[in-house]
Amino acid sequence: MQPKIMMKKKSVSASKASLVLFLCQMISALDVPLDSKLLEELSQPPTITQQSPKDYIVDPRENIVIQCEAKGKPPPSFSWTRNGTHFDIDKDAQVTMKPNSGTLVINIMNGGKAEAYEGVYQCTARNERGAAISNNIVIRPSRSPLWTKERLEPNHVREGDSLVLHCRPPVGLPPPIIFWMDNAFQRLPQSERVSQGLNGDLYFSNVQPEDTREDYICYARFNHTQTIQQKQPISVKVFSTKPVTERQPVLLTPTGSTSTKVELRGNVLLLECIAAGLPTPVIRWIKEGGELPANRTFFENFKKTLKIIDVSEADSGNYKCIARNILGSAHHVISVTVKAAPYWITAPRNLVLSPGEDGTLICRANGNPKPNISWLANGVPIAIAPEDPSRKVDGDTIIFSHVQERSSAVYQCNASNEYGYLLANAFVNVLAEPPRILTTTNKLYQVIADSPALLDCAYFGSPKPEIEWFKGVKGSILRGNEYIFHDNGTLEIPVAQKDSTGTYTCVARNELGKIQNEVHLEVKDPTMIIKQPEYKVIQRYGQVSFECIIKHDSTLLPTVIWLKDNDALPDDERFLVGKDNLTIMNVTDKDDGTYTCIVNTTLDSVSASAVLTVVAAPPTPAIIYARPNPPFDLELTGQLERSVELSWIPGDENNSPITNFVIEYEDGLHEPGVWHYQTEVPGTQTTVQLKLSPYVNYSFRVIAVNEIGRSQPSEPSEQYLTKSANPDENPSNVQGIGSEPDNLVITWESLKGFQSNGPGLQYKVSWRQKDVDDEWTSVIVANVSKYIVSGTPTFVPYEIKVQALNDLGYAPEPSEVIGHSGEDLPMVAPGNVQVHVINSTLAKVHWDPVPLKTVRGHLQGYKVYYWKVQSLSRRSRRHVEKKILTFRGNKTFGMLPGLEPYSSYKLNVRVVNGKGEGPASPDKVFKTPEGVPSSPSFLKITNPTLDSLTLEWGSPTHPNGILISYILKFQPINNTHELGPLVEIRIPANESSMILKNLNYSTRYKFYFNAQTSVGSGSQITEEAVTIMDEGKMAMASRQVDIATQGWFIGLMCAVALLILILLIVCFIRRNKGGKYPVKEKEDAHADPEIQPMKEDDGTFGEYSDAEDHKPLKKGSRTPSDRTVKKEDSDDSLVDYGEGVNGQFNEDGSFIGQYSGKKEKEPAEGNESSEAPSPVNAMNSFV
């Protein structure tokens, strides 16, 4: 904690100055020094920086670490007490203290027992300046006892009656989290009818037949040891009686008509009402004589639980719950009393004094009942501590008068009542230090003429040194209105001139010594553009040039940059940049725009712009329209403190009427060379009354505007310096946001130069803690827009205001804004994290919100970290890649998408504020159910033969469960790519290959292959393959073709035909004569299909398709090798033979592969052929 320090001008009275030891930034140097060498020389009493919590529950299986860290100069030594007596760690081999630290490590993992180290511990950090003490740290090992064995009788309940299943978990430390599940580790569904009470019991408002089950199991989860204990299953049997009698509500809990509840301030108030009745009662909550607090009231457990967060004394009162159904109502009144453990109103703050100064330590706390305040000095009750004549105790205040160096000590304030205590350390550090100047010697400052110059003289000393400034080696002390002396030692020259150049000496002195430092100031001439670029109208394809001639200080090196439409010039060789100009060759339409010349030096920057308009060449001479000429002869009249009248004469309109005039002003005092917009008037008006601000050296200029554009500015008017006055306004955008847990950063937007209304512009920054009876703390600063208040409590609201003032007085009273001190990381993790698995890839996570007081900052939301632990199908762990989902605001649930099926996951939840993330909740394990598998990794078809193919495949990359089988489907493809009937085969999951037999030769088949889990089939993989052609039949067909082409065969056929013709004629003649001829014998003689003549158009065979081509047989290959297929034969082949793909299966699903008997044709699938193929000759099946 840091002392409260005030920054003021040099005119601060000596009595108030005695309360100030350092400048604001020098005070913070005691904790975060600007000069590390300076800190090494300063003594400082100990300060506790880190300690374990007051109630410290430890894991009995792990080493116990009791934290105690402190800082001080010289570094402090550490000692401990246990149960009020000295704890000699050297006599206990299991206990060690970390080097340069007070943290204790008790070795439990190598034989120690945690129970042996239960007790109350307190750490003391001591050096020659005093002793600081920690809180009393109560060490208790966590406990997770087993459930007491008991005999549970089945519950026989009549339908419609109420029922309570008691959990009665074992008493653990900390208490366990209770939930009900079944034998399958699934959460029992809860509703308005069935719900779990705050005591863990399961309440049924009325039982239904579906409530009958034998596995109502109560579980107790002990988060600290990450163990879960299970109660024996409870059996419930519901028997029905008709009709079921309806019942009006009766409260199951709490019992009776009234009850009482005591809760502590800042905690969460939980009130519960659970009612029996049929139909199921609806619960409603009211507060007698008042309203339920908005934004802090929540309803849980189907409105059976009323939850009020961050309770205060105002929440005391009677709360009524009303249970109602169609038959009536019941109610219960809970009388709530809110007590309060001690809480700070004003915690004591470190006090830094110089010898002979006065000071006070204030310790104010509140509570219910009101806490008792007691003081200790260096860890000893102040009544028995060594006497200090400079110290006087007055209740909650210690008053120090004329302190000496021996008065340095650390004081402890203890505020306690029956509900707890607060302990705060605050040191009194008395230092006597001669002055030191921290600004670099012979530092050089360079500024532009007519601008402010700030010369630093950062100093340090105790008592606070006085600062004086001199100019030159033998110069006199600087005084007067032309200088401003800041409390931090800085000398400000509001309007530096050329004669301000020189050497300045800063002298710091107190009663212990004097020191001085020299700095140097150089005032440079401002950079000016004496020839600005002018507006140009150029015809297309012409050439144009803009000038930019500058004047600058000879010691500064200027750089000139040209821009087009506020962007870099195009990368085009047509643009030529010279020393004082920009030339554009061969102008095109895209060159139209605004061109800006910017001149930069290390100290200032100026710019000027001009517009280029590109036009087409006029076919004939026409009227030239141009921008107007600038106005001239500007005159100021009627000068008053806040107004003046400006008049002018318009320039030539250039054939386009002037539409309006724009008036601009320059503030030669604060921003010379910078022109600002003032106002504009219609083009018919040549005078205007202008409103002015105090303490501004005005010059005005006028710009005429017509439809073509704006004129060049007029020549400036004469200057008019207005008188100084109090500021009219205060800084805007005032904010208070902490950057560290113990500070408040107050920022604002500084006033512009002309808004200061006079010299000596400063800001009065005031703050006080909101809702606390405290006085405003104020500080006056200058030339800054930020102030840091140190030593604040973590994330508390402050009222803030910033008021402007100058040498003539203050601005009006500013409005107050609310800010917050710095945030710290959240203290606790979300509790009661639950996961509901929705399907194999999606889960829903729930958690209880953390108490707002533990967030210690602005609640931004919750983060869920989740990661896959292992796949349940492969049981192989992999690299853990954590995924993060953020849920904004005060949400208490979220969805986890993209999970992998049949896997084990872990997750935890963390609360997030503006500072970062809080601790993680205990890892929650959940499992996703099986899903459908991915496609097999590959399918290969090898070893084709006349009637078989060999299939090999790989298991799915992602089985997503336990594979139960593979599904193989296949069907033939004919020459027109039509699909034949589909055959399906189920293959055991442990197989990786099979031989598919009894296929048709020279036939293309299409295969569909997928894997299957208990959930269903996964995506399939497809492949095609062809069986081999029968070489014997191919050879026979080839021989027939050869005979049919021989001449002797053709002659023989002709002779046979002639003989048949002669026989027919003879038969015809004999019939006409009444004779008979045994034609039937002749017909029988020719019944052999092998000797039937071939048709001329079928005299060629189709091309042979190799089995490895994976192509269907071409047209022409439909004809079988014997060339004798008839319609009757084809029909027979379809009817008499079973379809080759519909073989029989064994019981295990393996393919027998035998074709036998006549089969009925099955319905065609897809776009396959409507006729079944012959298993004898696959080529015949597609004729």
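I began with the pairing of β14 and strand β17 (residues 213-222) in this predicted model. The two strands run antiparallel, and I found 5 bridges joining them. I looked up Phe-179 next: its bridge partner in β17 is Tyr-219. Phe-179 and Tyr-219 also turn up together with Phe-185 in one aromatic cluster.

Then I checked burial for strand β14 (residues 177-181). I got 4 of the 5 residues as buried, so β14 is largely enclosed by the rest of the structure.

How many aromatic pairs does a search of the whole structure find? My search gave 21. I picked out Phe-87 and Tyr-121: the ring centres are 5.8 Å apart and the planes stand at 75°, over the 60 degrees cut-off, so I noted the pair as edge-to-face. Phe-87 sits in the loop between β6 (85-86) and β7 (95-97), and Tyr-121 in strand β9 (residues 119-127), so this pair ties together parts 34 residues apart in sequence. Are these two buried or exposed? Phe-87 has a relative accessible area of 10% and is buried; Tyr-121, at 0%, is buried too.

I also wrote down Phe-204 and Tyr-216, an edge-to-face pair with 5.8 Å centre to centre and 80° between the planes. Phe-204 belongs to strand β16 (residues 202-204) and Tyr-216 to strand β17, 12 residues apart. Both Phe-204 and Tyr-216 came out buried.

Last, I looked for lysines over rings. Lys-303 lies over the face of Phe-299, 6.0 Å from the ring centre. Lys-844 lies over the face of Phe-893, at 4.7 Å from the ring centre.

Technical notes
Residues numbered from 1 in each chain as written. Predicted model: local features only at pLDDT ≥ 70, side-chain atom pairs only at ≥ 80, totals over all residues. Heavy atoms only, no water. Buried < 20%, exposed > 50% of the residue type's maximum accessible area, 1.4 Å probe, protein only. Pairing = 2+ DSSP bridges. Phe/Tyr/Trp six-rings, centres within 6.5 Å; stacked < 30°, edge-to-face > 60°. Lys NZ or Arg CZ within 6 Å of the ring centre and 35° of its normal.
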